[in-house]
Amino acid sequence: MGERYIEPGGKITCENQTTGDSCILEFKSRSGMLSRADTTNAVEGIITDASGTKRIKLFGKFTTKLEAMDLQTQETWTVFEAPEYPQNSDQMYNMNYWSL
């Protein structure tokens, strides 16, 4: 139970229509049985401003934690962190408290 049948992979582009900022976010896909564990669920992206200057790097895993880093100051912060799983979550399709 709780197995993923569709693996996100490839790039998506998000654009802020008001400011012109954009992000190209790449979902790293597993490349078979011998793929590296550190690429499973991994995402990486760059946010650029309207002039095309790279401002923020996004990185992490969409199932656990996503972080951002300011490319000018090197400051890093957490954008998303998955909540804890409840006891016996494997019997509830591996849903967390938020999804229950």
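These are my notebook entries on one predicted protein model.

**Ground rules**

I number residues from 1 along each chain as its sequence is written. The model is predicted, so I noted that local features need pLDDT of at least 70, that side-chain atom pairs count only at pLDDT 80 or more, that totals for chains, interfaces and linings use all residues, and that side-chain values use heavy atoms, with hydrogens and water left out.

**Entry 1: the overall layout**

I looked up the secondary structure and got zero helices and six strands. Here helices (H or I, at least four residues) and strands (E, at least two) are DSSP runs, numbered from the N terminus. Reading from the N terminus, I wrote the order down as β-β-β-β-β-β.

Next I checked burial. Of the 100 residues in the chain, 20% are buried. For my own reference, buried means under 20% relative accessible area, exposed means over 50%, and partly exposed is in between (1.4 Å probe, protein chains only).

The accessible surface came out at about 7600 Å², and 52% of that belongs to carbon and sulfur atoms. Areas like this come from the Shrake-Rupley method with a 1.4 Å probe, and for residues only the protein chains shown count as cover.

I also looked at contacts (heavy atoms within 4.5 Å). Taking those between residues at least 6 apart in sequence, I found that 18% join residues at least 24 apart.

**Entry 2: the core**

Which residues form the largest nonpolar core? I listed seven: Cys 23, Leu 25, Phe 27, Val 43, Leu 58, Leu 66 and Ala 68. Strands S2 (22-27) and S5 (65-70) each supply at least two residues of this core, and S2 gives the most, with three. A nonpolar core is a set of buried Ala, Val, Leu, Ile, Met, Phe, Trp, Tyr and Cys residues joined through side-chain atoms within 4.5 Å.

I then picked Val 43 and checked what it touches. Not counting residues up to four places away in sequence, its partners are Leu 25, Glu 26, Phe 27, Leu 58, Phe 59, Gly 60, Phe 62 and Leu 66.

Where does Asp 49 sit? I found it in the loop between strand S3 (42-48) and strand S4 (54-61). Is Asp 49 buried or exposed? Asp 49 counts as buried because its relative accessible area is 15%.

The side chain of Asp 49 makes a polar contact with the side chain of Ser 51 at 2.7 Å. (A polar contact is a pair of N or O atoms within 3.5 Å; within protein, one must be able to donate a hydrogen and the other to accept it, and residues adjacent in sequence count only if both atoms are side-chain atoms.) Leaving aside neighbours within four places, Asp 49 is in contact with Gly 20, Asp 21 and Arg 55.

Arg 55 turned up again in a salt bridge with Asp 49 (2.7 Å, N to O). A salt bridge is a side-chain nitrogen of Lys or Arg within 4 Å of a carboxyl oxygen of Asp or Glu. Side chains of opposite charge can pair when their charged atoms come close. Arg 55 is partly exposed, at 32%.

I counted three salt bridges. Another joins Glu 26 and Lys 28 (3.6 Å, N to O). Glu 67 also pairs with Lys 65, with the closest N and O atoms 4.0 Å apart.

**Entry 3: a surface patch**

I finished with Trp 77, Val 79 and Phe 80, which form a nonpolar patch on the surface with about 260 Å² of accessible area together. Patches are made of residues with over 30% relative accessible area and no salt bridge, where like charges are joined within 9 Å and nonpolar side chains (Val, Leu, Ile, Met, Phe, Trp, Tyr) within 5 Å. Trp 77 is in strand S6 (residues 76-81), and is partly exposed at 33%.
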